[in-house]
Amino acid sequence: MHPVAGPPPSTNTRYEVARALLVGSATAFAVLWAVLWLPVLVTGSQGSLFLYPLVLLLAVVPWGTTWTALVLAARSRSARDDRRASAVAGISAILLVLAPVLLWFGPVVG
């Protein structure tokens, strides 16, 4: 029997899970930012900021998910020298710093 043509299956499960967690947490942070700050940008009023405590409480989930993605990507990078795992770890670290700042201070208008 002939082997099926195509790319070989991925053996780096940690990297795949870390990437999926990173994409999910980045999307969740983007949705939370939009719920909190888009009404402020559109209307110019601070009326929608009553959601602030709820959004910050909900941000705990993507925050923890991003930490998990960082740890998994770092473990994947240490197991195999993989540039993609390094990129996921770097983006996770940036998201861990940037997301709370953007949620706390909102849109920075120059």
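Is Trp63 buried, partly exposed or exposed? Please carry on from there to the surroundings of that residue.

Modeller: Bear in mind that this is a predicted model. Trp63 is partly exposed, because its relative accessible area is 30%, which lies between the 20% under which a residue is buried and the 50% over which a residue is exposed. Trp67, at 41% relative accessibility, also counts as partly exposed, and since Trp63 and Trp67 are four residues apart in helix α3, about one helical turn separates them.

The helix that carries them, α3 (residues 60-79), has an axis that comes within 8 Å of the axis of helix α4 (residues 83-105), and the two axes cross at roughly 155 degrees. That angle makes α3 roughly antiparallel to α4, because angles over 145 degrees are counted in this way, and the crossing of α3 past α4 is left-handed.

Turning to the rings, the structure holds two aromatic pairs. In one of them, Tyr52 and Trp104 stand edge-to-face, 5.7 Å from centre to centre and with 65 degrees between the planes; Tyr52 belongs to helix α2 (residues 52-58) and Trp104 to helix α4, so this pair ties together parts that are 52 residues apart in sequence. Tyr52 is buried, with a relative accessible area of 17%. Trp63 and Trp67 also form a pair, with ring centres 6.2 Å apart and planes at 80 degrees, so this pair is edge-to-face.

Technical notes:
Residues are numbered from 1 along each chain as its sequence is written. This is a predicted model: local features need pLDDT of at least 70, side-chain atom pairs count only at pLDDT 80 or more; totals for chains, interfaces and linings use all residues. Side-chain values use heavy atoms; hydrogens and water are left out. Axes are lines fitted to C-alpha atoms, for helices over the stretch in contact, and angles run from 0 to 180 degrees between N-to-C directions. Helices (H or I, at least four residues) and strands (E, at least two) are DSSP runs, numbered from the N terminus. Angles under 35 degrees count as roughly parallel, over 145 as roughly antiparallel, 65 to 115 as roughly perpendicular and the rest as oblique. A crossing is left-handed if the near helix is turned anticlockwise from the far one by less than a right angle, and right-handed if clockwise. Rings of Phe, Tyr and Trp (its six-membered ring) pair if their centres lie within 6.5 Å; planes under 30 degrees apart count as stacked, over 60 as edge-to-face and the rest as tilted. Buried means under 20% relative accessible area, exposed over 50%, partly exposed in between (1.4 Å probe, protein chains only).
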